[in-house]
Amino acid sequence: MIPMLFLYPVIVSLILFFINSKLINILALLGYSAIYLACTATFFFAPAEFTTYFKTDTLNIIFIAILALVFFGVAVYNIYFSYHSNEIPQRHTRYTICFLLFVCSMTGALLSTNLGLFWVFIEATTLTSAPLIFYDRTKSSLEAAWKYIFICSIGISLAFVGIILISMGSAQINSLYFADLYANSSKINLFWLKLSFPFIIIGFGTKMGIAPVHAWLPDAHSEAPSPVSAMLSGTLLNCALLGIIRIYKLIDTAGLIYYGKTLLIIMGMISLLVSAVYVVKIKNYKRMLAYSSIENMGIISIAIAIGSTGLFAAMLHTLAHSLAKASFFLTAGNILYKFKSKDINNIHGLLKNDKFSAWLWVLCFLCITGFPPFPLFLTKFLIIKQMYVSGNYVILLLFVVFLTIIMAGMSVSVFKMFFSVEHHHHKHAPDKNIYDLFAYLPQCVFIFILIVTGIYMPSFVHKLISLSSKF
Amino acid sequence: MKNFVIVLFGLTMIHVSSTSRIEAYVKTLAMQGILLFTMVVVDNKDYFGLNFLFLVIETLVFKAIIIPWFLMKIIRKNEIFREIEPNIPAFWSIVISSLIFGFGFMLSYLSIILAQDVNPLYFGISISTMITGLFIIITRKKIITHIMGYMMLENGIFLLTLSLINEMPLIVSLGVLLDVFIGIYLFGLFFNKIQATYEKTHIDTLTYLKD
């Protein structure tokens, strides 16, 4: 099954390059996402392996499942997006090819069993997604793409330094396979391991979007077309997170857990602080969602550092955040298409013009800020409880304060848009057609999945998350 | 011989941090490529392996010829010759880069005490090269200089990998090479786009997106 996931995008990209048809492009992307979903379903029953480099295990299966789900939703939304975009077929083909290769490189990163190979694929995600961010060809998207590619390249280089330092320390093991590193963690020289972890967390953290190395994230997320923003936020950040978790486990088995925890908590708290500061006075609603991504990545890293129940919460949070944020970005795409503006103050009469998007907008907001019955309520509750149990009162207090500020800041913007009054009536309402259905379907499905998970978690989901939370 | 080459490599970084001519940056990059090649030849024991061939291609062909040539092409095409008004004067640049080298040697001294398994000169110079690369990126204003600072950072990392060339699997080095190559290609592509869009390739022009 795994070779299929790699072969399909490469072969299909070659074919698409010579055809240049929008319809075929859309179908190719949909086909890949359907195959992806089917392959992921088989991974649940039979763990797959392809050479020694790619393998599914209890940890990465949940990330693969998230990628498959979000990608399928985005591919469906892409029908609506492509139908309404005025790009010439050549550019649309280039967009589709980059999209296919982007998903392919994320798959490689998630499945790889070797630290070096993981790094190569993470770098590949930067290279394949930079043209996607530049899709609109405006001045601002050029700026965003440049910042993205440059900052992430530097970050990834620093992560590579971390990897070199790890292999220096593990000269006796002479292998960069995660399994070998874990099994022989007692042989690793602690000096090099200690030196490497800041490099790793800064390096992959750049890609994951935690502060203070988040500078590319708001720009790229706000300038990319909405399906791409959804993929960036819902799946790309998770890939880098997986790398950090893998190295964190190494730090844990080598007996430096306290050191790792401290770094994660510091970075997580700075992330919360940064998004709390910026989200309050935000003017661009896509940037608001980007800051919310930074916040959630911060929450996840804090939850991992808190340990025990926090680990379960971190995994559930990753799942729920990806689905919720993807639907949030897709809904933002609907609003952007209707109003042609990213400025919150330019949105007038959202409820009247587009009832579905307006309600989805509020639902996504309730979901992402953790109102019951959505699972993010459960995860935040578990994290706070674990902080209380383990006696981290200062962290608990800061955590709650920051989260409240962020929720207040977001709610002001979201409800301003929702209740905004229309000053002048739109004369020509865009004619409705069947493709508009695809603008709402993915979000509805995602929110349905989230509500089900929040109210009654099916046993296989519970098993999946608790297995992965044991790393 | 080996130590002499490493020290020369460190000196190129100090030279770069004091100069304001763009072409000097490119020449230094080519020079660093040749120095790294010398180091590969001096250091290697197996002259017929695949790994050696690969390293020669990476250093001599890519780092010493293709990338400087590519950068030179961009510079000639866009008529950029001088790094005007860096954020801090050249004198302080030298002082700070010397301090960075001091820090690098301190760290390598620490590594001798705590871990005996690495050549401290390698480690000290490569760490300080990386930090100086970052320093150049922070203090210079032209985007092309940023790209070259990034290349110097990459060279520093390459120097660090040389010290454990037997442990790094070939596939990883291959991936690194490919990434650097595509990265530079993309940098050039976007650079030309920025040049065409903004007419001025200063980072001061890239301030449209902010909060």
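In the predicted model, Thr379(A) touches Ala313(A), Leu316(A) and His317(A), once residues up to four places away in sequence are set aside. Thr379(A) itself belongs to helix 16 of chain A, which runs over residues 375–389. Its relative accessibility is 0%, and because buried means under 20%, Thr379(A) counts as buried. Within the chain, the side chain of Thr379(A) reaches the backbone oxygen of Leu376(A), at a distance of 2.9 Å. Gly243(A), by contrast, lies 136 residues from Thr379(A) in sequence, and the two C-alpha atoms are 22 Å apart in space.

Thr369(A) is placed in the loop between helix 15 (355–368) and helix 16 of chain A. With a relative accessibility of 11%, Thr369(A) is also classed as buried. The side chain of Thr369(A) reaches back to the backbone oxygen of Phe365(A) at 2.7 Å. Leaving out neighbours within four places in sequence, the contacts of Thr369(A) are Lys380(A), Met407(A) and Met410(A).

Helix 13 of chain A comprises residues 309–339. From the first C-alpha to the last, the 31 residues of helix 13 reach 43 Å, close to the 45 Å expected at 1.5 Å a residue. Helix 13 is mostly covered, with 27 of its 31 residues buried. Just after this helix, Lys340(A) adopts a positive phi of about 55 degrees.

Helix 5 of chain A, residues 115–133, was examined in the same terms. The N-terminal end of helix 5 is capped by Asn114(A), which has a side-chain oxygen 2.8 Å from the backbone nitrogen of Gly116(A).

The interface of chain A and chain B was then considered. Contacts join 44 residues of chain A to 47 residues of chain B. Between them the two chains bury about 4,100 Å², and 79% of this area is on carbon and sulfur atoms. On the side of chain A that touches chain B, two or more residues come from each of helix 5, helix 6 (139–169), helix 8 (190–208), helix 9 (216–223) and helix 12 (285–306) of chain A. Helix 6 gives the most to this side, with 19 residues. Sorted by class, the side of chain A that touches chain B has 29 nonpolar, 7 polar and 8 charged residues.

In chain B, Ser173(B) is located in helix 7, which spans residues 170–198. Ser173(B) has a relative accessible area of 13% and is buried, because the limit for that class is under 20%. Ser173(B) and Glu58(B) are separated by 115 residues in sequence, while their C-alpha atoms are 9.3 Å apart in space.

Methods. Residues numbered from 1 in each chain as written. Chains lettered and ligands numbered in written order. Predicted model: local features only at pLDDT ≥ 70, side-chain atom pairs only at ≥ 80, totals over all residues. Heavy atoms only, no water. Helix = DSSP H or I, 4+ residues; strand = E, 2+ residues; numbered from the N terminus. Expected span 1.5 Å × (residues − 1). Polar contact = N/O pair within 3.5 Å; in protein donor to acceptor, adjacent residues only side chain to side chain. Contact = heavy atoms within 4.5 Å. Buried area = accessible area lost by both parts, 1.4 Å probe. Nonpolar A, V, L, I, M, F, W, Y, C, P; charged D, E, K, R; others polar. Buried < 20%, exposed > 50% of the residue type's maximum accessible area, 1.4 Å probe, protein only.
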